[in-house]
Amino acid sequence: MKVTLFAIGKTDDKNIIELTDMYIKRLSHYINFTFEIIPDIKNSKNLSESQQKVAEGDEILKRVETSDTIILLDENGKTYTSVGFSKFLQKKMNSGLKNLVFVIGGPYGFSEEIYSRANGKLSLSSMTFSHQMVRPFFIEQLYRGFTILRNEPYHHQ
């Protein structure tokens, strides 16, 4: 199985970039992982929130295959413990899935088209995080999930 993470908009914060890159490197020892930043929508200041979500959604849809399973990182999504998330990953791998795609939306969330296409929603917390900070948090949880599956000492219960 391949895991892909899409995120809307780049970050200029070098600390977030370094932390994200560190966990991407660690994760690469466990799974075929791709992190793709979808560029910010041009002239978004001239768009309503709804128009911006639709434009971002169109960019996401251009990048997914019909066979991909898409999970949105969404505040109203299902929450897991780290062990529960590792079991979720194991089920997906056991199902023969080719590509599991996670998506971090822009600052206003997702369009209705994206919600309709998605196969599920995942919440990292009841708290709200910036869409920039979610990147290293989520990639670290992916890494943690795979270390749990391998019974490695990274995760402590």
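The model is predicted, with local features needing pLDDT of at least 70, side-chain atom pairs counting only at pLDDT 80 or more, and totals for chains, interfaces and linings using all residues. Residues are numbered from 1 along each chain as its sequence is written, and side-chain values use heavy atoms, leaving out hydrogens and water.

User: Why is Ile31 called buried?
Analyst: Buried means under 20% relative accessible area, exposed over 50%, partly exposed in between (1.4 Å probe, protein chains only). Ile31 has 10% relative accessibility, so Ile31 counts as buried. In the chain, 44% of the 157 residues are buried.

User: What makes a residue a contact of Ile31, and which residues does Ile31 touch?
Analyst: Contact means heavy atoms within 4.5 Å. Leaving out residues up to four places away in sequence, Ile31 touches Met1, Val3, Met93 and Phe146.

User: Where does Ile31 sit in the secondary structure?
Analyst: Ile31 lies in the loop between α1 (14-27) and β2 (32-38). Helices (H or I, at least four residues) and strands (E, at least two) are DSSP runs, numbered from the N terminus. The chain has five helices and five strands, in the pattern β-α-β-α-β-α-β-α-β-α.

User: How do you know that the radius of gyration agrees with a compact globule?
Analyst: The radius is taken over C-alpha atoms; the globule rule is 2.2 Å times the number of residues to the power 0.38. For 157 residues a compact globule would be near 15 Å, and the chain has 15 Å, so the two agree.
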